[in-house]
Amino acid sequence: MALAVGASYFSPIALKPRATFASPVSCSGGNHALEAALVRRAAELADKSAGFTSPHPNVGCLVVSGGGGGDVVGEGYLYAQGTKPAEVQAVEAAGERCRGGAAFLNLEPGDCHGDRTAVSALVQAGITRVVLGMRHPLKHLRGNAIRELRGQGLQVDVLGEDLQSKIIEEAQKACRIVNAPLVYRAASRVPFSVLKYAMTLDGKIAASSGHAAWISSKKSRSRVFELRGRSDAIVVGGNTVRRDDPRLTARHGGGHLPMRIVMTQTLDLPEEANLWDISEVSTIVVTQRGAKKNFQKYLASKGVEVVEFDILNPRDVMEYFYDRGYLSILWECGGTLAASAISSGVIHKVFAFVAPKIIGGKHAPSPVGELGMVEMSQALDLIDVCYEQVGPDMLVSGFLQPIPDLTPVIPSADETSAIDPTVTPYDSSIIFFYKTWDPYGAFSNFSPHPIQMRDENGNYATWSTVEHYYQAHKYVGVDNPLARACVEDIKCAKSPEEAARMGRSVQRRHPDLVRSDWESVKIDLMYRALKTKFSIYPHLNNMLLSTAGSVLVEASPHDLFWGGGREGEGLNYLGRLLMQLRSEFLGESSATSESSILAA
């Protein structure tokens, strides 16, 4: 058990440090204590991006002069998937001082986009040694950068493999914790889930009357807002909606707004609720199939998405949101739903705020309901427990499940066929892509490949990603200063996720700002942007052509236009356009080859 006072930078609840460059760390020679300190600093840097844009791995990089025996001369961290890599930022900050130096990273560089930007930056800068806190947890990326760096003549040391000691183990753990959501998601195929609750000293989350405001202090509530901002979504049950009418926003001055998810079997919910206001952030209600169809229609009229399950349980719900690409989920539910989630094995970590108050009450609710345990020996022990005083409250946090093995066993094709005889090698090949961490993630509109497109005046303008271009063009040409401002705001968005959030939010709140011909032009506009992207990047063109004979499906379960839908009911227009583009490129290639033969 680890005993800590005060959260570290890479703790999932820690406040984001605002400094952009730390005091230089002096190095008098290679030793494990120093190596560990530098890698831990990389983990602290990586944690700066948590909660700004999700999903993405948290990556930090330090450049140290003299092969690791000098001073820290450059630092950087990945703000979001699709922005400048941490390695590039660090070597740019260090400049010529990179020559003969060492780079310390908490995570092996990933290649989600078909290029080698991060690796190339380290090699071209003259770095001679790279120290990594851990290999990449995603199997199709794991070890790729290590092999390439070593192939370029750089010395690569990985904590726990090439460097081993007790202090190295602690640094390695820091690297795993800062990317715990990605590690858990890769191993367990459900999003990383955190259960948060506030209770009195005698274990109550509300009075017998149900009144619960406020158990914890203002400082504790601020930390909860911080935790929300680091999550993709917040889950509550129907009781919480009926009793508390929560907003579930992240009022902490930064970070993205998490999706709100309501789990209810009966759909017995009030017609008026803060969660039905989706002007700033969306709400999804998950329920049992067939529940209160009229109320489902009412929620749909408010813009609230309703998803039905044959049998509503936390495991199926989390597997569904895994398929939707969610990385981290915060559970702020009552005791009944909390017990069900724990029993289903989907809760990975617990944050308990304990207030120095006693309220009593035989029927006052507790944070976790019935788990079916009758002996204390059956109690669930937290792992890596930390204690921190937050104002007058005590924050107790720890993992319910150990951080998984980074090498999960994935069945081979033969094993899969033995398990399910309907799967045969003769089926049509289908390539699914969705998030930029997928093997074909470069097909996503969110991949970090800038494009140059002509504007309405015939001049070329640069867009950070296809998604930036697509979202902004909902408002191009509209004779309204708000529409013009929206275009500029989207164009300047730091990441494609932010550009998408801006474009969709304005479309929901101000449909009058959307160009009148949008529905008729959006497919052609997307095709032109995709053609530009795959024309100017040879490695992307080769990746697309390599899929010849395969069906391309954007595996977005909730986008029924561009994506494939949850059960294949979507139109999959993005996949269609990519296949159309592939055919066009292959046709051009065949025509070029035929011309060459005729000329010969």
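# Chat about a predicted model

Colleague: Let's start with Ala250. Where is it found?
Modeller: Ala250 sits in the loop between helix H8 (238–244) and strand E8 (259–264). Bear in mind that this is a predicted model.

Colleague: Thanks! Is Ala250 buried or exposed?
Modeller: Ala250 has a relative accessible area of 9%, and the cut-off for buried is under 20%, so Ala250 is buried.

Colleague: Which residues does Ala250 touch, not counting those up to four places away in sequence?
Modeller: Ala250 touches Phe225, Arg228, Gly229, His256, Leu257 and Pro258. There is also a C-alpha distance to look at: Ala250 and Glu226 are 24 residues apart along the chain, and their C-alpha atoms are separated by 6.7 Å.

Colleague: Since you mention H9, where is Gln296, and is it buried or exposed?
Modeller: Gln296 is in helix H9, which covers residues 293–301. Gln296 counts as buried, at 11% relative accessibility.

Colleague: What is Gln296 in contact with, leaving aside neighbours within four places in sequence?
Modeller: The contacts of Gln296 are Leu267, Thr287, Gly290, Ala291, Val306 and Glu308.

Colleague: Let's zoom out. How many helices and strands does the chain have?
Modeller: The chain has 18 helices and 18 strands. Of its 600 residues, 52% are buried. If you take contacts between residues at least 6 apart in sequence, 71% of them join residues at least 24 apart.

Colleague: How many residues are in the largest nonpolar core?
Modeller: That core has 63 residues, and Val63, Phe104, Ile127 and Val130 have the most contacts inside it. Helix H1 (residues 32–46) gives the most to this core, with six residues. Another core lies apart from it, with 42 residues, among them Phe433, Tyr475, Ile490 and Leu540.

Colleague: Which residues make the contact?
Modeller: From H16 come Lys533, Phe534 and Ile536, while H17 brings Pro538, Leu540, Asn541 and Leu544. The residues of that contact divide into five nonpolar, one polar and one charged.

Colleague: Changing topic to H2: which of its residues are buried?
Modeller: In helix H2 (residues 86–94), the buried residues are Ala86, Glu87, Val88, Ala90, Val91 and Ala94.

Colleague: What do they pack against?
Modeller: The buried residues of H2 pack against strands E1 (60–64), E2 (72–77) and E3 (102–105), and against helix H3 (117–124). H2 is followed by Gly95, whose phi is positive, near 65 degrees.

Colleague: One last topic, aromatics. How many aromatic pairs does the structure hold?
Modeller: The structure holds 15 aromatic pairs. One of these is Tyr320 with Phe321, which is edge-to-face at 5.0 Å centre to centre, with 75 degrees between the planes. Tyr320 and Phe321 are both buried.

Colleague: How do Tyr440 and Phe443 pair?
Modeller: Tyr440 and Phe443 form a tilted pair, 5.4 Å centre to centre with 35 degrees between the planes. Tyr440 counts as partly exposed at 24% relative accessibility, whereas Phe443 counts as buried at 0%.

Colleague: Which residues form the aromatic cluster with Trp518?
Modeller: Tyr470, Phe561, Trp562 and Tyr573 are in one aromatic cluster with Trp518.

Technical notes:
Residues are numbered from 1 along each chain as its sequence is written. This is a predicted model: local features need pLDDT of at least 70, side-chain atom pairs count only at pLDDT 80 or more; totals for chains, interfaces and linings use all residues. Side-chain values use heavy atoms; hydrogens and water are left out. Contact means heavy atoms within 4.5 Å. Helices (H or I, at least four residues) and strands (E, at least two) are DSSP runs, numbered from the N terminus. Ala, Val, Leu, Ile, Met, Phe, Trp, Tyr, Cys and Pro count as nonpolar, Asp, Glu, Lys and Arg as charged, and the others, Gly among them, as polar. Buried means under 20% relative accessible area, exposed over 50%, partly exposed in between (1.4 Å probe, protein chains only). A nonpolar core is a set of buried Ala, Val, Leu, Ile, Met, Phe, Trp, Tyr and Cys residues joined through side-chain atoms within 4.5 Å. Rings of Phe, Tyr and Trp (its six-membered ring) pair if their centres lie within 6.5 Å; planes under 30 degrees apart count as stacked, over 60 as edge-to-face and the rest as tilted.
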